[in-house]
Amino acid sequence: MSVITFVNNLEEESGKTMSLVAIATHMAIDHNKRILIISTTNKEDKINSCYFEEQKNRRLRFGILGDRPQSVEVESGIEGIAKVARSNKLTPQLITNYTKVVFKDRLEVILGADKNKMQNFASEEKEIGEEYITLVNVAKMYYDQVFVDLDENLSEEVRQKIVESSDLVVVSTTQNYNSIKKLKIKKDNSQLLQSPKTLILIGRYDKFSKYNIKNVSRYLEEKNQILTIPYNTLYMEATNEAGVPDLFLRLKRIAGSDDRNAIFVDEVKRATENILYRLQELQTMM
């Protein structure tokens with residue numbers, strides 16, 4: 001029962017969220033794990049478009065009144081959980097009432113706050129942000145793996161507490177010189193980046209770049225394997241069309257083959273296995 005938190009190296013788009021989704025989905029399909037993904041964003045939730053089609057109003061029959069459109073909206077996600085947490089009634093089993101299910105008993109998602117639904121956005125976001133800490137600590141009592149997509153909109157204090165309570169931290173960076181150079185500077189002065197509970201991941205990876213994992217590892221003086229999630233056209237399309245679950249079920253058959261998508265599949269598998277192996281290592285060190 002572990003917490004795996006994904007963070008950005010810098011305040012830039014590094015493919016962090018899409019890397020998390022790929023690894024969590026693969027882990028749910030190929031490993032006997034009960035997994036929860038927690039999104040902390042207050043922006044357009046990319047995780048939602050990876051798994052769930054936009055819901056439309058359903059038409060229901062009401063006796064002699066005939067057909068009429070009705071939209072029944074149940075408060076879910078972090079907003080619903082935050083209210084329960086404030087009343088000190090949040091239990092591990094209760095969390096499932098506020099999740100969206102991708103694979104039954106395998107993969108569930110808690111979406112981030114929707115600022116369009118908040119009347120007093122600033123104050124409500126602060127209160128909800130603080131409840132993420134409670135959610136993470138309670139969720140790990142019930143799920144085998146809790147993936148946290150940690151965004152910059154949360155306060156520094158909340159982000160720090162989530163990182164500290166995490167069993168593993170994956171630092172996502174882009175494949176360019178400036179980002180890698182800044183990562184090296186941070187690595188030389190950061191206990192977290194020097195910690196055995198931290199792994200480095202390059203999102204949207206291109207193996208033909210001169211900033212490949214071999215050269216980046218040498219430059220960073222990184223002894224641990226650097227993880228990568230290669231750019232893949234099919235995957236990028238699927239993340240916008242709620243097609244990630246079906247795509248991974250189809251790609252499962254091509255691992256290790258000559259298919260053009262095999263590199264993507266193999267690297268997602270390698271990243272997943274490295275994460276699970278590191279978690280086992282850390283448990284033996286405790």
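A residue is called buried when its relative accessible area is under 20%, exposed when the value is over 50%, and partly exposed in between, with a 1.4 Å probe and protein chains only. By this rule Pro196 is partly exposed, because its relative accessible area is 40%.

The model is predicted, so local features need pLDDT of at least 70 and side-chain atom pairs count only at pLDDT 80 or more, while totals for chains, interfaces and linings use all residues. Residues are numbered from 1 along each chain as its sequence is written, and side-chain values use heavy atoms, with hydrogens and water left out.

**The sheet**

Helices (H or I, at least four residues) and strands (E, at least two) are DSSP runs, numbered from the N terminus. Two strands pair if DSSP finds at least two bridges between them. Eight strands form an open sheet with mixed pairing, in the order S5-S6-S2-S7-S1-S8-S9-S10. Its edge strands, S5 (100–103) and S10 (227–230), each pair on one side only. From one strand to the next the twist averages 25°; axes here are lines fitted to C-alpha atoms, for helices over the stretch in contact, and angles run from 0 to 180 degrees between N-to-C directions.

Strand S1 (residues 2–8) runs parallel to strand S7 (residues 145–149), and five bridges join them. Phe6 has Asp149 in S7 as its bridge partner. S1 also pairs with S8 in the parallel sense, again over five bridges, and here Thr5 stands opposite Val169.

Further along, S8 is joined by five bridges to strand S9 (residues 198–205), and the two run parallel. Val169 has Thr198 in S9 as its bridge partner, and Val171 stands opposite Ile200. S9 in turn pairs with S10 over four bridges in the parallel sense, with Tyr205 opposite Pro230.

**Buried parts**

In a regular strand the side chains alternate between the two faces of the sheet. In S8, Leu168, Val170 and Ser172 on one side and Val169, Val171 and Thr173 on the other are all buried, which covers both faces. Strand S8 (residues 168–173) is largely enclosed by the rest of the structure, because six of its six residues are buried. S9 is mostly covered, with seven of its eight residues buried.

Helix H3 (residues 77–86) is also mostly covered: eight of its 10 residues are buried. Among them are Ile78, Ile81 and Val84, together with Glu79.

Gln145 lies in strand S7. Is Gln145 buried or exposed? Gln145 counts as buried because its relative accessibility is 4%. Contact means heavy atoms within 4.5 Å. Leaving aside neighbours within four places in sequence, Gln145 is in contact with residues including Ser2 and Ile4, as well as Leu276 and Leu279.

**Residues in loops**

Most residues other than glycine have a negative phi, and most peptide bonds are trans.

Pro196 is in the loop between H7 and S9. Which residues does Pro196 contact, leaving aside its neighbours within four places in sequence? They are Arg278, Leu282 and Met285. The C-alpha atom of Pro196 is separated by 9.3 Å from that of Glu281, 85 residues apart along the chain.

**The second largest pocket**

Pockets are found on a 1 Å grid over the protein atoms alone: a pocket is an open set of points with protein on both sides within 12 Å along at least five of seven lines, and lining residues have an atom within 4 Å of a point. Grid points are joined across faces, edges and corners, and a volume is the space filled by probe spheres set on the points.

The second largest pocket holds about 440 Å³ of space. Its lining has 17 residues, and the closest to its centre are Val7, Asn8, Glu152, Lys186 and Leu192. S1, helix H5 (156–165) and helix H7 (191–194) are the elements that give two or more residues to this lining. The largest share, four residues, comes from H5.

For residue types, Ala, Val, Leu, Ile, Met, Phe, Trp, Tyr, Cys and Pro count as nonpolar, Asp, Glu, Lys and Arg as charged, and the others, Gly among them, as polar. The lining of the second largest pocket divides into seven nonpolar, four polar and six charged residues.

Terms used
On a 1 Å grid over the protein atoms alone, a cavity is a set of points where a 1.4 Å probe fits but cannot get out, and a pocket is an open set with protein on both sides within 12 Å along at least five of seven lines; lining residues have an atom within 4 Å of a point.
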